[in-house]
Amino acid sequence: MGTRGREIVGTDVEQLLAQLNSALADEWLAYYQYWVGAKVVKGPMRGAVAGELIEHAGDELRHAEMLADRIIQLGGAPLLSPQVWYEATGCGYDAPEDPAVPAVLAQNIAGEQCAIGAYQKLLDEVRGKDEVTFAMIAAILADEVEHEEDLQAFVEDLAMIK
Ligand code: FE
Ligand code: FE
Ligand code: MG
């Protein structure tokens, strides 16, 4: 923990840590949803879609790392067991039981839209109170906004070949 770094946070640090751990659970679940989705997805544009899903999986893993590092800076502990991810998650996990490209895209678009809402809410809470967390969440949010558009672009392209 960085003691002075924790002192300058003008909000309830324990509550913030719980929110960051909830986001951490979301990111790990999003990572796996993308990773396994890329393995099983089939249908039109499978190769391009799988490549994008793999890229997004890498981004979600990087987000998990950013969140874990910030949690440690603030004197907390990142969730230590995957068992608690389901209790802590805000956005949940959608297993790609239907591997068709449109179904996998729809699941991941819904996940990104949940993430965008959650990070926007967290940004509003820390604005003016914790600039370090604010900057980190803003960077993650920008990636989620990009992810949503990447996936929605595939949906647009698919509509054109029908
Ligand atoms: Fe993410
Ligand atoms: Fe994302
Ligand atoms: Mg992308």
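Modeller: Quick definition first: a donor is an N, O or S atom within 2.8 Å of the metal (3.2 Å for Na, K and Ca), and water is not among the atoms, so sites may look incomplete. This is a predicted model, where local features need pLDDT of at least 70, side-chain atom pairs count only at pLDDT 80 or more, and totals for chains, interfaces and linings use all residues. Residues are numbered from 1 along each chain, chains are lettered from A and ligands numbered from 1 as written, and side-chain values use heavy atoms, with hydrogens and water left out.

Biologist: Why does the pair glutamate 112 and glutamate 144 tie together separate parts of the sequence?

Modeller: Helices here are DSSP runs (H or I, at least four residues), numbered from the N terminus. Glutamate 144 sits in helix H6 and glutamate 112 in helix H5 (residues 101-126), so the parts they tie together are 32 residues apart.

Biologist: Is glutamate 112 buried or exposed?

Modeller: Buried means under 20% relative accessible area, exposed over 50%, partly exposed in between (1.4 Å probe, protein chains only). With 2% relative accessibility, glutamate 112 counts as buried.

Biologist: And which residues coordinate the magnesium ion (ligand 3)?

Modeller: The spacing of its donors is E-x3-H-x93-D. At 1.9 to 2.4 Å, the magnesium ion (ligand 3) is held by Glu52 (OE), His56 (NE2) and Asp150 (OD).

Key
Helices (H or I, at least four residues) and strands (E, at least two) are DSSP runs, numbered from the N terminus.
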